[in-house]
Amino acid sequence: MRILQRYMLREMTVNFLGVTMVALALLLVNQVGSVLARAAQLQYQKGFVLELIGLGAAQNVAILLPFGLLVGIVLGFGRLYHDSEMAAAQACGVGVARVAAAVWLLALPVTGLIAWLDFDLSPRAAAAEANMRSEALRAASAAPLEPGTFRSFGGGRIVVYARAADHNGDLTDVFVKRSEGLAVETTVARRAHYAVSSDGESESITLYDGERIDGTPGNNRYHIMRFEQQLIPIRTPESAARAPRLDEISTMSLIGARDPKLVAELQWRLGLPVMTLILTVLAVPLGRLKPRQGRYAHVWIALLMFALYAMLALAGRTWLSRGVLPVALGLWWVHGVFLAIAIAAMVGPALLRLRHARARS
């Protein structure tokens, strides 16, 4: 590469990395909030939270890179045009080929990275996240009760509180609330014992010397029962084999599939690298600025084009999975539309200038 090409490549790379890092930070903030909310609801242990955040973020990095590349190229060219550096380079005879070489030296490695993330890493991360969620749920259910805290079982159907708890499962001053539809059962006991079966498939709480009140909130009819001993069985969440989600299926397993949902997932994965290449073609004309235009004058157009592209691709995937679109058409029509827009934006101004020149002559 010549000095000018290295300079342009460095300018675009810095902007690409900056935009991608900001988008990744926003993604991580959203991921942290989502995982923490789920962890608080299902009472995950602390050791699972960070891994779930990382696995969730790994599945979405691939969609951030085309966005960062598009905006990074537009910002890089915008500064060069705004500071008249591109005008000076063109006056010195720098042609389209040299500019394109710098752009594609950045775009092609990014496209390869997106293909690896989308074809290999994302499905493995999705499968690992699903397995870890199941493991976290089972670990939370099997964890010993802590004194002075409320503990939910059975998806919140049973809530247990104990003022004191020993490591052997003995509890003191226990409160238990069970819900079945509209009916609510409230139990208090002086002592209790929490135990997990040897196979880990079920749990139980045995209450001693307590009182139980059954009724429906808002209804004056209720029952009071005093007891010396009462057993409350709790079923540990099932870990039976489940059908994998579409994003967990490996790319090789999707090739040759005839199910519309599998075809839609495969074409979505193939579409991200294609989207990256098309957005690269579109970014170059979007980066051109007229004299006295601000550096960020065309950034909003780049954001709008990316949003439209992504929304049309997502809508096309939904239509394809439901059989609304034929498999032969798939998502290629979306890429074709934006490729036509990119080519028109690239050659359109030159054709208009040529037409005006011919009209004057």
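**From the cavity to the cores**

The lining of the largest cavity is made up of five nonpolar residues, three polar ones and no charged ones. Here Ala, Val, Leu, Ile, Met, Phe, Trp, Tyr, Cys and Pro count as nonpolar, Asp, Glu, Lys and Arg as charged, and the others, Gly among them, as polar. You will find Gln267, Trp268, Gly271, Leu272, Met275, Ala313, Leu331 and His335 around this cavity. Helix H7 gives the most to that lining, with five residues. The space inside comes to about 40 Å³, and the structure holds one cavity of 30 Å³ or more.

Before going on, a word on the ground rules. This is a predicted model, in which local features need pLDDT of at least 70 and side-chain atom pairs count only at pLDDT 80 or more, while totals for chains, interfaces and linings use all residues. Residues are numbered from 1 along each chain as its sequence is written, and side-chain values use heavy atoms, with hydrogens and water left out.

Rolling a probe the size of a water molecule over the atoms shows where empty space is left. On a 1 Å grid over the protein atoms alone, a cavity is a set of points where a 1.4 Å probe fits but cannot get out; a pocket is an open set with protein on both sides within 12 Å along at least five of seven lines, and lining residues have an atom within 4 Å of a point. Grid points are joined across faces, edges and corners, and a volume is the space filled by probe spheres set on the points.

Now turn to the largest pocket, with a volume of about 320 Å³. It has 16 lining residues, and the closest to its centre are Gln59, Asn60, Asp118, Trp268 and Arg317. Helices H3, H5, H7 and H8 each supply at least two residues of this lining, which divides into eight nonpolar, three polar and five charged residues.

Step back to the whole protein: there are nine helices and six strands, taken as DSSP runs numbered from the N terminus (helices H or I, at least four residues; strands E, at least two). Of the 361 residues, 39% count as buried, meaning under 20% relative accessible area with a 1.4 Å probe and protein chains only (exposed is over 50%, partly exposed in between).

What holds the most contacts inside the largest nonpolar core? Among its 44 residues, those are Leu70 and Phe77. Such a core is a set of buried Ala, Val, Leu, Ile, Met, Phe, Trp, Tyr and Cys residues joined through side-chain atoms within 4.5 Å. Helices H1, H3, H5, H7, H8 and H9 each supply at least two residues of this core. A second, separate core of 17 residues includes Ala162, Tyr194, Leu207 and Ile234.

Leaving aside residues up to four places away in sequence, Leu70 touches Leu279, Ala283, Leu286, Ala302 and Phe306, a contact being heavy atoms within 4.5 Å.

At 0% relative accessibility, Ala342 counts as buried. Ala342 lies 63 residues from Leu279 in sequence, yet 7.6 Å from it in space, C-alpha to C-alpha.
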